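Please keep the sequence and the coordinates in view while reading.

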Amino acid sequence: MAVVKANAYGHGVGPIARAAREAGAVWLGAATLDEALALRAAGDEGPLLSWLTAPGADFAAAARHDVEVTASSAEQLAEILAATQVPRIQLKVDTGLGRNGAFGDQWTELVGAVARAGVPVTGVWSHLACADEPGHPANDAQEARFREAVAELEAAGVDPGLRHLANSAALMTRPSAHFDLVRAGIATYGLPPDPAMPHDVPLTPVLSLKARLAAVKRVPAGQGVSYGYRHVTERETTLGLVPIGYGEGVHRAATGRASAWFAGQRVPVVGTICMDQMVVDLGDLPAERGDVVTLFGPGTSGEPTAVDWAVASGTIAYEVVTGLGGRIQLVHGTTTEGFS
Ligand SMILES: Cc1ncc(COP(=O)(O)O)c(C=O)c1O
């Protein structure tokens, strides 16, 4: 399953969903039902699961559009069954994440409710808390609890259908958790769940963030740059103005710590990152307005990656890519049209 929630982790859900199907992802996963229905409206027809709904969700629409929904409690199961005669339901057990899913006795209640209703389920699943720390004891504990929960369902006479537990980290490090399906989110986009996690899966980030320099100027030593003068030039240098800022979801917290890629070199982002813009110090590199600067990319030529920006911003790569927005235009394809 390619997980395409949150606008495909900021990558643009329509083209990513199509690319994922073409690349062989049998399933797509969305968090909310609205996300799943939007995929249907955009023409997606394959197996599709959603898992996060508040009371009042349109389970009838889900059934009409063949979207599988997740029951995380007996109460939610009742809501689904009240909305449609032909539900496609998966069951979620909380095996220890402490988030969504039926926990402890709630699972026994949910199993009883499903068995009494006599409705088929198409899957049973759970989500790991610490999969990006492969040695963490919670992984064994959650997997064991998952097996128990599936056994309880089977003992009640319910065929569990597809069993699934693994996210990207477990896909990459924990074969015992693969069961019948794996839900790969961040790895789908070529990013590691945690850069410190040991693994042997080659990943190449698919998203690059580029801009054209909006201004280029030569400034003397001692020139303060951007709000608050957090940076002052040490020598005469060339500054390039990048028309991307926190309005695009780039973190202001990366101020003073991030670098970009220009003319085959890493160049520091200097001064406070603003709402619409930031400044790169180009040193003595020849530069003109309109030249392309890459904030992050695949990393294969030495350019920074979303992971580098995550480190600079004090966050994770998930947040760096998912938070992109504002005035950014997403361009899909193997070349980024208009940019070299
Ligand atoms: C239920 C569920 N499964 C799978 C994923 C994918 O996780 P990852 O991006 O770490 O692969 C997510 C994302 O957080 C999720 O919420």
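The ligand is surrounded by 14 residues, and the closest are Lys 5, Tyr 9, Ser 168, Arg 183 and Tyr 318; a residue is counted here if one of its heavy atoms lies within 4 Å of the ligand. This is a predicted model, in which local features need pLDDT of at least 70 and side-chain atom pairs pLDDT 80 or more, whereas totals for chains, interfaces and linings use all residues. Residues are numbered from 1 along each chain as its sequence is written, and side-chain values use heavy atoms, with hydrogens and water left out.

By class, this shell comprises seven nonpolar, four polar and three charged residues. The nonpolar class holds Ala, Val, Leu, Ile, Met, Phe, Trp, Tyr, Cys and Pro, the charged class Asp, Glu, Lys and Arg, and the polar class the others, Gly among them.

Polar contacts are pairs of N or O atoms within 3.5 Å. A polar side-chain atom of Tyr 318 is 2.6 Å from a ligand oxygen atom. For Lys 5, a side-chain N or O atom lies 2.7 Å from an oxygen atom of the ligand, while Gly 185 places a backbone N or O atom 2.8 Å from a ligand oxygen. The protein buries 93% of the 390 Å² that the ligand exposes when taken alone, by the Shrake-Rupley method with a 1.4 Å probe.

The chain is divided into domain 1 (2–188) and domain 2 (209–322), with bounds from an automatic or database domain assignment. Their centres, taken over C-alpha atoms, are 40 Å apart.

Conventions. Polar contact = N/O pair within 3.5 Å; in protein donor to acceptor, adjacent residues only side chain to side chain.
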